[in-house]
Amino acid sequence: MRTYNEKISIYHGMVSIIAVNLAGNFYPIFAISILGATNYQVGLISSLPPLIALLMTIPAAILLNRLETQKKTVAMAVLWTRLLFLLLIGVVYISSPYQAWAFLIIIAFMNVPATVSNIGWQTLISGMIKDERRGAFFSDRNRLLTIAGMVSTLVIGIIMKNQTNNATAYQWLFFTALLFGLGEVYFLMKHKEKTQPSTSTKKSSMDWSIFKDHGYKWFLIAALCFNFTWQMSWGIFNIYNVRFAEATILWISIFSVANQLVQIFTFPLWKRWAEQKSNTLMLVWAALGMALVPFLTVLSTNLYYLTIVNAISGFFISGVVLLLFNLLLEQSPSETRTYCITSYNVLLSFVAFIAPQIGIILLEGLGIQKSMELNSILRIVSAFVFLLMYYQTRKNTKAVLFKN
């Protein structure tokens with residue numbers, strides 16, 4: 001049976017995923033169809049926000065670590081993030097040559113408060129969910145959130161079926177996203193948080209000793225390698241779907257629904273497999289599966305075929321989403337968990353800034369076909385890094401047991 005906080009967390013996640021789907025899923029097609037964004041600017045949609053997050057993560061973590069309670073701060077950060085949707089509504093009224101850049105700047109600055117809310121939520125929820133409940137809860141939560149996201153995306157696609165080039169329709173999407181964002185704030189405030197008294201162990205700067213932890217170091221290496229190969233193709237996929245396959249809003253929604261529908265049914269599978277084997281070992285298979293997606297995508301521009309490819313992608317994405325977060329918490333010592341999460345987010349932001357730009361450079365230099373094939377090869381390499389981590393952590397565990 002779910003606890004009160006678990007139920008509220010699910011409600012919060014549902015309105016959050018709907019808010020993101022109403023806006024974020026359609027940023028690339030809005031930028032290309034309405035604002036006339038270039039390939040480089042489409043790449044920046046993925047990479048510019050993490051640059052801001054990179055600059056904000058450590059200050060955000062230091063702020064959050066000093067607080068006795070984090071709920072109100074996280075809720076206010078979410079509120080400010082969603083209020084910036086009002087600026088996105090006004091982008092179309094700016095002079096045409098500057099619209100795309102204004103759009104990018106607004107999205108980037110959304111990540112100032114969003115960074116605070118993301119780190120705060122991860123720390124907040126990790127303290128509310130017991131270790132033995134973590135796998136089952138996040139599997140269940142991810143599945144329910146995916147259902148909410150899938151339904152909302154499908155409804156948007158149907159409503160926006162013939163509105164791909166209608167700027168007003170996008171403005172209504174952003175406004176509706178703002179309303180669901182207010183729902184996020186409401187449910188965040190409904191959580192029951194225990195006060196954590198200030199102690200001498202609360203440091204005002206980073207605790208660098210976390211990098212001496214064997215398991216956490218290997219997690220960082222493997223996770224960042226994978227995220228680099230995963231994120232470098234995001235901009236390429238957006239460009240391929242809109243410019244090459246000529247997908248409309250409806251088809252973008254169908255791609256997303258196919259992806260999410262498969263995730264709904266496969267979260268429990270990955271949870272069970274991880275419990276039987278391990279989070280690390282199952283991430284090897286999830287990463288190998290993700291390596292198939294770029295290669296399969298460029299085989300055809302047929303929209304029905306691309307829907308199937310997105311469904312295949314959903315099977316492995318569900319594993320990646322569930323296992324990466326579980327592995328982060330698993331390899332982060334409880335006494336320094338805030339700093340571990342912070343460091344991961346800082347490094348992840350750096351990767352997320354660099355990777356899409358490298359992807360666009362490869363696209364411009366090699367063309368769509370070769371850049372996607374190269375990305376598949378690099379994803380395979382990242383899977384073997386997880387395999388290396390699996391053997392190294394097992395070896396270290398056995399060594400510790402032998403000493404004891």
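This is a predicted model: local features need pLDDT of at least 70, side-chain atom pairs count only at pLDDT 80 or more; totals for chains, interfaces and linings use all residues.
View 1. Where does Glu246 lie? The residue sits in the loop between α10 (234-244) and α11 (249-276). The backbone of Glu246 deserves a look too. Its phi is positive, at about 55 degrees, although Glu246 is not a glycine.

**View 2. Pro97 in helix α6.** Helix α6 covers residues 96-128, and Pro97 is part of it. Is Pro97 buried or exposed? Pro97 counts as exposed because its relative accessibility is 57%. Now find Leu35. In sequence, Pro97 and Leu35 are 62 residues apart. In space, 8.7 Å separates them, C-alpha to C-alpha.

**View 3. Helix α9 packs against helix α13.** Helix α9 spans residues 214-231, and helix α13 spans residues 303-330. Their axes are 11 Å apart and meet at an angle of about 155 degrees. Angles over 145 degrees count as roughly antiparallel, so α9 is roughly antiparallel to α13. The crossing of α9 past α13 is left-handed.

**View 4. The residues between α9 and α13.** Which residues of α9 meet α13? They are Tyr216, Phe219, Ala223, Phe226, Asn227 and Trp230. On the α13 side, Ile317, Val320, Leu324, Leu327 and Leu328 meet them. How do the residues of this contact divide into nonpolar, polar and charged? The contact of α9 with α13 has 10 nonpolar residues, one polar and no charged.

Notes. Residues are numbered from 1 along each chain as its sequence is written. Side-chain values use heavy atoms; hydrogens and water are left out. Helices (H or I, at least four residues) and strands (E, at least two) are DSSP runs, numbered from the N terminus. Buried means under 20% relative accessible area, exposed over 50%, partly exposed in between (1.4 Å probe, protein chains only). Axes are lines fitted to C-alpha atoms, for helices over the stretch in contact, and angles run from 0 to 180 degrees between N-to-C directions. Angles under 35 degrees count as roughly parallel, over 145 as roughly antiparallel, 65 to 115 as roughly perpendicular and the rest as oblique. A crossing is left-handed if the near helix is turned anticlockwise from the far one by less than a right angle, and right-handed if clockwise. Contact means heavy atoms within 4.5 Å. Ala, Val, Leu, Ile, Met, Phe, Trp, Tyr, Cys and Pro count as nonpolar, Asp, Glu, Lys and Arg as charged, and the others, Gly among them, as polar.
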